[in-house]
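Let's take a friendly walk through a protein model. Have a look at the picture first, and then we'll go through some of its parts.

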Amino acid sequence: MEQKIRSALLVGLDTGRDPGYERGMEELERLAETAGILVLGILVQKRSRMDGGHYLGTGKREELAARILE
């Protein structure tokens, strides 16, 4: 039986208020890889807060959608 490769794009919100943000994203990447997930990339939204219930703004959501469809 053929084994399916699991993959992911990691997405984070950087508000600039968490000095450990980058370290946290690196840890997330290592955890995904340890779980056997192929990390295809990391997408970071830089903004001071969430926008209308979304972590990502319109442009970043479009970028994410485009990368998923690649």
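In which strand does L38 lie? L38 belongs to strand β2, residues 37–46 (strands are DSSP runs of E, at least two residues, and helices are runs of H or I, at least four, numbered from the N terminus). This is a predicted model, where local features need pLDDT of at least 70 and side-chain atom pairs count only at pLDDT 80 or more, while totals for chains, interfaces and linings use all residues. Residues are numbered from 1 along each chain as its sequence is written, and side-chain values use heavy atoms, leaving out hydrogens and water.

With a relative accessible area of 46%, L38 is partly exposed (buried is under 20%, exposed over 50%, partly exposed in between, with a 1.4 Å probe and protein chains only).

## The core

Now for the largest nonpolar core: its five residues are L10, Y21, M25, A32 and V39 (such a core joins buried Ala, Val, Leu, Ile, Met, Phe, Trp, Tyr and Cys residues through side-chain atoms within 4.5 Å). Helix α1, residues 21–34, gives the largest share, three residues. In soluble globular proteins, nonpolar side chains tend to be buried together.

## The salt bridge

There's one salt bridge in the structure (a side-chain nitrogen of Lys or Arg within 4 Å of a carboxyl oxygen of Asp or Glu). It joins the side chains of K60 and E63, at 3.4 Å from N to O. Both residues sit in helix α2 (residues 58–68), three residues apart, or about one turn of the helix. E63 is partly exposed, at 33% relative accessible area.
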